[in-house]
Amino acid sequence: MRQIVAITLFYFAATLGVSAADNNDVQQGIFDSYLKLANEGDVVAQYVVAQRYETGKGTAQDMEKAFYWYEMAAKQNYPLALVKIEARDKATAKVEPPAAAAVSAPKPTPPPAVVKKEPAKKPAPAPSQPKPKPVKAPEVTVAAVTTDASPRPAKPAVRRDEPKPEAKAPVPEIVVARAAPIVEPPKPDINVTQALLAGKWKRNQEEAEYLPSANAACLQSSNTEIVCFSGELTRNVDNAGLTYNVKSVISGFNNKEAKFNLRYVYNVVHVAGKPHAAPNGMSSEMNDMAVKTGWQEPGVAMECRLRDEHSLSCTRNDRRMTYQFVRE
């Protein structure tokens, strides 16, 4: 790493006085620095060399050499190189044609079966129903009722004095005020690992650098950790153009509360004397990248929480900023 820092500083000083026409010489010098480290076994340099062979940046485009270095980096489990090798294998996989189905000879059609008609049967005569017997009406005997026509004397009505109800004072109604019950919102219960790896995350329509995205490849290294590496990114800081990559570690998964911890660190590999015309890195309001080469430890730690499976927020541990991310 000291070697590439020294070489990068040399080219940084050189770019202060060169014109745009000499930019190819500067890029070739950067490529040569990466190639030397790649031959020494530096996995990040191996991936960058492969990427530059693929795009022809700082060297002649050579896809065979590009995938040679992708394979070297993949042997050291570099996530972005593994993604490249997997994509190549899928593209070059041959699909075997389906075997021709055996054509069997058509079976002869059997002759139509002869159906014998049975002679029509004569309908059986309907059984005769017995005639109903006449029912004799029952005799009704009327009993004689004797009545006494003489009137009976009426009994005198007994008068009773009913007690008058006493007037009672009205009892005041006591109203007990009840406090409204506090309803807590249901806590999310999300598989954090599955939600993070299920899509490509963005912030303000920009690809995330330390979450799974088009700019960063992430692999689950264990049940408790996800490691992400970004590709070669560019950003302008203090009128200087920085070329860098990002490594992030995601851990501390809490599915019940949908929380996790994230820590990322920048690795600046080149500093140009002028801003990049079209930087492809994620913009940062904090300007947390220094204009110098090398790993910028200790990095930035954040506490994150998923609102649902398609949105999350991350707050820096220093509470200086909260970032919102969404995925498709």
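Visitor: In which strand is the place of Arg-235?
Guide: This is a predicted model in which local features need pLDDT of at least 70 and side-chain atom pairs count only at pLDDT 80 or more, while totals for chains, interfaces and linings use all residues. Residues are numbered from 1 along each chain as its sequence is written, and side-chain values use heavy atoms, leaving out hydrogens and water. Helices (H or I, at least four residues) and strands (E, at least two) are DSSP runs numbered from the N terminus. Arg-235 lies in the run of residues 233-237, strand S5.

Visitor: Does Arg-235 count as buried or exposed?
Guide: Buried means under 20% relative accessible area, exposed over 50% and partly exposed in between, with a 1.4 Å probe and protein chains only. Because its relative accessibility is 8%, Arg-235 counts as buried.

Visitor: How far apart are the end C-alpha atoms of helix H5?
Guide: The expected span is 1.5 Å times one less than the number of residues. H5 has 14 residues (79-92) and should therefore span 20 Å. The distance between its end C-alpha atoms agrees, at 20 Å.

Visitor: Which helices and strands do the buried residues of H5 pack against?
Guide: The buried residues of H5 are Pro-79, Leu-80, Ala-81 and Ile-85. Contact means heavy atoms within 4.5 Å. The partners are helix H3 (43-55), helix H4 (63-75), strand S3 (216-222) and strand S4 (225-230).

Visitor: Which element supplies the largest share of the lining of the second largest pocket?
Guide: H3, H5 and S3 each supply at least two residues of that lining. The largest share, four residues, comes from S3.

Visitor: How far apart in space are Cys-314 and Phe-325, C-alpha to C-alpha?
Guide: Cys-314 is in strand S10 (residues 311-316) and is buried, with a relative accessible area of 0%. Leaving aside neighbours within four places in sequence, its contacts include Met-302, Cys-304 and Phe-325. Cys-314 and Phe-325 are eleven residues apart in sequence, and their C-alpha distance is 8.1 Å.
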